[in-house]
Amino acid sequence: MNKFSFFMPTKMVFGPDVVREAGAGLALGKKALIVTGRSSARRSGALDDVLSVLPGEYVVFDQVENNPSVETVIEGGKVAKEEGCDYVLAIGGGSPLDAAKVMAVLAVNDAHPLQLYKDGWQNRALPIVAIPTTAGTGSEVTQYAVLTIAEEQTKKGLGGPDLFPQVAYLDPKYTESLPLDVTIDTAVDALSHLVESYLSQRATEASELPALQGIALWGTTIPALRKKVIDREARAALLLASSLGGIAIAQTGTALVHALGYSLTYYDGLPHGRANGVCMPAYLEYTKTVAPERVDTILELLELPSLAAFGGLMHELFAGIGGTLQLSAETIEHYVTKAMLTKNIKNSLGDPSAEDLARILSRGSDPRS
Ligand SMILES: [Fe+2]
């Protein structure tokens, strides 16, 4: 067995009504900065549950957009400072959760977000409570926050041990109000975390446990995802699979699928999970050439007979919501150049070259593949 460390300091509380049951224990301080998107926290019922039991004061920052910008986190950090908030309570999908983490840093550090990428930060971020309303990001159990950096024309992850939320409350009912396309996009994001972690250079005996368990659990939801009728049981499985994916990538990071997907989101507007899903079939084919047993294990756990069946599944899930792209050779080269600069590439098995990435991206953008 190899040497490894495994760090996941977030307390997870999973099941129906866990937020209401937490009662006054939901508060980690005297005054909360509640961070949400523009609608999902209200639509899901999560915000009402929080406000019905939260003791102490709070201020709501509900202006987090999809793929949050530097300006948004600066604004939220300023509100936290001015209002004297001593903890952050994040409700929503990956965007509010990630934005809230950076606000928790900016509330106690005088720095521009771009500086945080370069120099890190001095003062420990405010403690964070995370309540996901999508089953995909895994951010509720990771030390990462991904922001959109206009200056660099990409999405970029920031990481630090104090960005692990102190507590994550996971109630599958909050995902029931999600539109179908968001449910599918986020589910595929969760799968990409699990798969990329299992196929990572940094995978260890410990990180593989949540990854493999999560892939198997995700596999049980395939019939519901295919039918596009996602019942409560499937939603619970997806939410747990998503958190297991978060626990896994907290140890290993993501790999080339995320590196390529960031450009498909930034330039082509594909939702994050769909951008990953578009690249995953060709990524698995590539990885099969360097680690065939690992790819076979994934297929077995998903109960899919072949890589072609995996590609067929992605195609089927995205049918009708748009999962194909036509990218020119020039665009592919541009995206590959950007991806090669990321750390994620080094996590991928097989030491992929720019040519390998170009092949994966061109397969992903070919509607016949
Ligand atoms: Fe992701």
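## Domain division

The protein is divided into domain 1 (11-173) and domain 2 (179-364), with bounds that come from an automatic or database domain assignment, and the C-alpha centres of domain 1 and domain 2 lie 25 Å apart. This is a predicted model, in which local features need pLDDT of at least 70 and side-chain atom pairs count only at pLDDT 80 or more, while totals for chains, interfaces and linings use all residues. Residues are numbered from 1 along each chain as its sequence is written.

## Contact between the domains

In domain 1, 20 residues are in contact with 25 residues of domain 2, contact being counted where C-beta atoms, placed from the backbone, lie within 7 Å. On the side of domain 1 that touches domain 2, β1 (11-14) and β7 (154-159) each supply at least two residues; strands here are DSSP runs of E of at least two residues, helices are runs of H or I of at least four, and both are numbered from the N terminus. That side of domain 1 comprises 6 nonpolar, 12 polar and 2 charged residues, where Ala, Val, Leu, Ile, Met, Phe, Trp, Tyr, Cys and Pro count as nonpolar, Asp, Glu, Lys and Arg as charged, and the others, Gly among them, as polar.

## Packing of α4 and α5

Helix α4 (residues 70-83) packs against helix α5 (residues 94-106) at an angle of about 50°, and their axes are 8 Å apart. The contact joins Thr72, Val73, Ile74, Gly76, Gly77 and Ala80 of α4 to Ala99, Val102, Met103 and Leu106 of α5, and its residues divide into 7 nonpolar, 3 polar and no charged.

Note on methods: Axes are lines fitted to C-alpha atoms, for helices over the stretch in contact, and angles run from 0 to 180 degrees between N-to-C directions. Two residues are in contact if their C-beta atoms, placed from the backbone, lie within 7 Å.
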